[in-house]
Amino acid sequence: MGAHVDSPDELTGVEASAAPVSGEADAWPAGSLLGRLSDSVRSALLMQGRVSSFPAGTTLVREGETSTHVLVLMTGMVKVTATTEGGHTTLLAIRVAGDIIGELAPIDSAPRSASVVAAVPTRAVIITGEAFLGFLAGHPVASLEMMRALSAKLRSATSARVAAGSYTVVARLAQVLRELSMSYGEKRDGLLGIGVPLSQADLAALVGASDAAIHKALRVLRECGAIDTGYRRIVVRDEVALNAMAEQTG
């Protein structure tokens with residue numbers, strides 16, 4: 001069982017150090033919070049907390065708890081999950097370097113609505129809720145960019161719910177892959193690799209379909225030349241074809 005972080009002061013199984021003055025990546029994803037901030041504002045945000053390293057499987061935030069810390073991801077990837085009424089765990093989203101997680105808790109003080117688990121070894125800056133609110137109060141531009149990032153998350157969730165009733169599984173999968181490639185794509189040799197390791201079960205949860213349906217949909221996208229797949233690896237070969245498949249209605 002992975003470790004669990006209840007608060008910034010309870011860093012079981014991780015190493016903490018002073019936060020870096022600047023980002024560790026050459027370029028943060030444009031849609032992430034760090035990617036939206038200027039160098040000076042980004043540095044000011046990262047200096048609010050401490051960098052910690054989390055092994056894969058560590059629970060950074062647990063659904064239902066009342067903690068208020070936020071985490072700014074520096075490297076790695078986390079999965080955001082929630083428990084359904086039937087007791088099953090469903091994948092809601094993935095977050096990677098540059099993203100912020102848990103930003104609502106300091107604002108509304110409500111119990112956490114989802115759990116966040118490190119999918120791979122991950123480093124993050126942990127910031128107390130009080131320090132985060134103080135930072136936002138002193139940096140109006142950062143507050144605006146956080147609202148824009150949050151708005152993008154909400155729009156994505158709304159689009160997914162609309163798509164579930166209007167589009168085929170193939171189209172919904174193509175839409176998810178298109179969004180992932182836009183946010184986390186890595187260009188190599190003229191091809192766009194999705195820099196997030198996802199299993200078919202993960203894709204099924206994101207799309208809202210069965211594993212069997214996702215298996216068939218992946219085959220369709222491969223056969224039309226839109227993508228190539230490997231073990232937890234997806235490469236977009238033809239963005240035009242992927243966009244066309246994303247518009248198929250039921």
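**Entry 1**

I looked up Asp228 and found it partly exposed, with a relative accessible area of 30%; I take buried as under 20% relative accessible area, exposed as over 50%, and partly exposed as in between, with a 1.4 Å probe and protein chains only. Arg237, at 45% relative accessibility, also counts as partly exposed, and its side chain meets that of Asp228 in a salt bridge of 3.0 Å, N to O. For a salt bridge I require a side-chain nitrogen of Lys or Arg within 4 Å of a carboxyl oxygen of Asp or Glu, and by this rule I count seven of them. I also noted that salt bridges with shared partners join Arg36, Glu145 and Arg148 into one network.

I keep in mind that this is a predicted model, in which local features need pLDDT of at least 70 and side-chain atom pairs count only at pLDDT 80 or more, while totals for chains, interfaces and linings use all residues. Residues are numbered from 1 along each chain as its sequence is written, and side-chain values use heavy atoms, with hydrogens and water left out.

**Entry 2: two further salt bridges**

I then checked Arg42 and Asp39, whose side chains meet in a salt bridge of 2.7 Å, N to O. The two lie three residues apart in helix H2 (residues 39-46), and are therefore separated by about one helical turn; helices (H or I, at least four residues) and strands (E, at least two) are DSSP runs, numbered from the N terminus. Arg42 counts as buried at 11% relative accessibility, whereas Asp39 counts as exposed at 55%.

The side chains of Lys79 and Asp202 also form a salt bridge, 2.7 Å from N to O. This pair links distant parts of the chain, with Lys79 in strand S5 (residues 77-83) and Asp202 in helix H7 (residues 200-207), 123 residues apart. Lys79 is buried at 18% relative accessibility, and Asp202 is buried at 9%.

**Entry 3: helix H7**

After H7 comes Gly208, with a positive phi near 85°.

**Entry 4: cavity and pocket**

Grid points are joined across faces, edges and corners, and a volume is the space filled by probe spheres set on the points.

I found one cavity of 30 Å³ or more. Leu33, Leu37, Leu45, Phe132, Phe135, Leu136, Ala142 and Met146 line the largest cavity, and H4 supplies the largest share of that lining, three residues.

The second largest pocket has a volume of about 170 Å³. Strands S10 (185-188) and S11 (191-194), together with S13, are the elements that give two or more residues to its lining, and S11 gives the most, with four residues.

Key
1 Å grid on protein atoms, 1.4 Å probe; cavity = no way out; pocket = protein on both sides within 12 Å on 5 of 7 lines; lining within 4 Å.
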